[in-house]
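Please read these notes with the model open beside them.

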Amino acid sequence: MIDRYRPRILYFDWWIQHVKAKPYLKKIAAFYYNRAAEWGMEVAINYKHDAFLFGTAIPDIERGQMADIKPYFWQTDTAIALNSWCYTENNDFRPATDILCDLVDIVSKNGCLLLNVGPKADGTISNEDTAVLTAIGDWMSVNGEAIYDTHVWKTFGEGPTKVQDGHFSDAIKKNFTSADFRFTAKGDKLYAFAMKPSKNGEYCIRSLRMQPHIAGTVFHGLIERVEVLGTEQTPEWKRDSDGLHIRTSFSTDAPIVFRISLS
């Protein structure tokens with residue numbers, strides 16, 4: 001029986017980018033999408049480079065990201081290990097905080113993250129992989145509302161740290177600072193992710209500064225409330241021509257999420 005409520009993904013790697021494969025790609029896409037319509041379920045086809053015509057499937061960036069926000073949905077595929085897609089001895093495991101920063105950056109730019117975990121030969125997951133997945137799960141249990149069912153905001157973010165565009169760039173270390181922010185939105189809530197905690201607990205979000213309506217600022221609305229996900233403490237905040245200033249004693253190694261209620 002077909003489970004209509006579970007999306008299906010047909011995933012292609014780079015090797016389909018050949019002339020002889022083109023007719024078959026069109027046929028398989030037509031068959032897959034037509035069957036999905038009959039089944040009444042959502043499906044997706046993921047591809048790399050330009051194997052499918054733009055707009056007919058979801059572009060995938062292998063071990064890399066987009067440098068800027070995109071008007072179309074896209075995906076990153078990467079692995080916990082920097083040097084392998086499977087379990088090998090002496091794997092170079094990425095810290096959970098690095099993966100979470102990538103996740104936040106990707107979602108803020110209209111993308112999603114497909115994360116690979118390489119099992120051992122007996123099918124078990126290594127302690128290192130397990131620790132990373134547990135840390136990601138713990139963070140998502142607190143901050144998931146800022147990721148799931150959200151959409152992009154007017155800008156993906158702000159700050160001095162630049163992300164390399166394109167495939168095979170996730171090995172380039174991103175040294176985020178407390179001045180780097182990423183944004184997602186849902187309803188009347190704006191979520192601002194501080195990519196690195198501030199040492200003194202103070203943050204300034206420039207995109208939310210107050211300026212005359214004729215100025216080219218990103219946001220001209222009103223802010224009613226600021227909260228920090230993961231704590232019941234009410235942070236101090238004020239807004240002026242420099243930005244939205246927030247002070248909180250809450251700190252963690254992973255991105256800190258401010259839930260901002262807009263009016």
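This is a predicted model: local features need pLDDT of at least 70, side-chain atom pairs count only at pLDDT 80 or more; totals for chains, interfaces and linings use all residues.

1. Residues are numbered from 1 along each chain as its sequence is written, and side-chain values use heavy atoms, with hydrogens and water left out.

2. Start with the open sheet of five strands, ordered β1-β2-β3-β4-β5 with parallel pairing. Helices (H or I, at least four residues) and strands (E, at least two) are DSSP runs, numbered from the N terminus; two strands pair if DSSP finds at least two bridges between them. At the edges are β1 (8-11) and β5, each pairing on one side only. From one strand to the next, the twist averages 30 degrees.

3. Ile9 has Ala44 in β2 as its bridge partner. Helix α1 (residues 22-39) packs on the sheet and touches β1 and β2, and its direction makes about 155 degrees with that of β2. Contact means heavy atoms within 4.5 Å; axes are lines fitted to C-alpha atoms, for helices over the stretch in contact, and angles run from 0 to 180 degrees between N-to-C directions.

4. Asp77 stands opposite Leu114 in β5. Between β4 and β5 the chain passes through helix α2 (residues 96-108), in a right-handed β-α-β crossover (with the strands pointing away from the viewer, the path from the first strand over the helix to the second runs clockwise).

5. How do α2 and α3 pack? The angle between α2 and helix α3 (residues 127-143) is about 50 degrees, and their axes are 9 Å apart. That makes α2 oblique to α3 (angles under 35 degrees count as roughly parallel, over 145 as roughly antiparallel, 65 to 115 as roughly perpendicular and the rest as oblique). Ala96, Ile99, Leu100, Leu103 and Val104 in α2 meet Val132, Ala135, Ile136, Trp139 and Met140 in α3.

6. A second topic is the open sheet of three strands, with the order β9-β12-β11 and antiparallel pairing. β9 (202-205) and β11 (236-239) each have a single partner strand, so one side of each is left without a neighbour in the sheet. Four bridges pair β9 with β12 (residues 244-247), and Cys204 stands opposite His245 in β12.
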